[in-house]
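I set out to record what I looked up on one helix and on the salt bridges of this structure. The entries follow in the order of the search.

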Amino acid sequence: KAEGFYFNEVLNTNSNSPISLYALAELSNASTVNVNMLSTLEVSRVEYLLSQGITFNNAKHQAQQEILNIFFIKKPTIAESELLNISVDGDDNAILLAISLILQGYRQPGDLVQLMGNISTDIRTDGILNSTTLGSALINDVVLLDTVQIRSNIENKYISLGVTTVIPHFEKYIKQFLDSNTYSFTNYVTFPSSGTYGVNLLNTTDSVFVQGFNYSFSADLPEGTHLKVNHNGNLGSLGYVA
C-alpha cells in the first residue's frame, strides 16, 4: 500500500487530498515495486483468482490482461504492473500512463478512488466490466483530454524536480481507446430551462420570447469543456440578457 498526494497530469497541479494505491507482487526476485493505478485495479481480481486455486503468477497475468481489455489494449506480453514506470520510455510504460490518464480525467481524488474501487468490484468475479455506467465514466472525460498539454505538464514537472526522463508515447493508446471503445458517451452540455435572470435562451423548449422580459444564457458545462455562443440581432430589445 502506498498513500499520499500525487501530481495530477491533466490539471497540472498536485492533488488536494491523498489517495491510497495497492499492489500484489512477488518480492523474492524484485528489488523495486512500483505501486500504481494498474496494480491497484488488479488486486481484487487477483485475490479472487487465488481463491479459485489459480497460481499467483497465472492470476497476475490473467488479471492484467483482463484490465487491458477494459481499455481496449491487446498486448499479450507486458511487464508486471508493479514494474512499470511512467517516467521511462517504452510501450509497456506508455500503457500504464494512458490508463492512468483515462482513469484520472478531470476527477478529484475522491472521485478517482471511487471509480477505481467500483471497477475493481465489478470485475472481481468474472474479469469483465459489466457496468455501462462505468464504461461511460471512462469515455466521458477522455474525449476532452488535451494530450499535447498533458505531455508538456509531465515533462515540465520532471524538469522542476531536476529529473531527466523520457515520457513514453502514451498518446497512441489514448487514441486507440477513443477509436476502439464501445462505451456510451453521456457527458453532454445541458441547458436548463432558466438561469439567474429568467428563461434560458439556449434551452430549445421555448422558442417564443416577449419584448421587455429578462432572459438568460445558461449552460451546465462538464469539466474541461467550453461553450461559445454567437447571436445576431438586437438582444437588448428582449430585455436584460446575461
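Predicted model: local features only at pLDDT ≥ 70, side-chain atom pairs only at ≥ 80, totals over all residues.

I take helices (H or I, at least four residues) and strands (E, at least two) as DSSP runs, numbered from the N terminus. The expected span of a helix is 1.5 Å times one less than its number of residues. Residues are numbered from 1 along each chain as its sequence is written, and side-chain values use heavy atoms, with hydrogens and water left out.

**Entry 1: helix H2**

I looked up helix H2, which covers residues 56-70 and has 15 residues. From its first C-alpha to its last, H2 reaches 21 Å, close to the 21 Å expected at 1.5 Å a residue. After H2 comes Phe72, and I noted its positive phi, near 55 degrees.

I then asked which residues of H2 are buried. Buried means under 20% relative accessible area, exposed over 50%, and partly exposed in between (1.4 Å probe, protein chains only). The buried residues of H2 are Ala59, Lys60, Ala63, Gln64, Gln65, Glu66, Ile67, Leu68 and Ile70. With contact taken as heavy atoms within 4.5 Å, the cover over these residues includes helices H1 (37-51), H3 (91-104), H4 (109-123), H5 (132-142) and H7 (171-180).

**Entry 2: salt bridges**

I define a salt bridge as a side-chain nitrogen of Lys or Arg within 4 Å of a carboxyl oxygen of Asp or Glu. How many does the whole structure hold? My search found 10 salt bridges.

One of the pairs I examined is Arg45 with Glu66, whose closest N and O atoms are 2.7 Å apart. Arg45 lies in helix H1 and Glu66 in helix H2, so this pair ties together parts 21 residues apart in sequence. Arg45 counts as buried at 4% relative accessibility, and Glu66 counts as buried at 12%.

I next recorded Asp92 and Lys75, which meet in a salt bridge of 2.8 Å, N to O. Because Asp92 belongs to helix H3 and Lys75 to the loop between H2 and H3, the pair ties together parts 17 residues apart in sequence. Asp92 is buried, at a relative accessible area of 18%.

For Asp91 and Lys172, I found the closest N and O atoms 2.8 Å apart. Asp91 is partly exposed at 34% relative accessibility, and Lys172 is partly exposed with a relative accessible area of 34%.

Finally, I noted a network of salt bridges that links Glu42, Lys60 and Glu82. Lys60 is also among the buried residues of H2.
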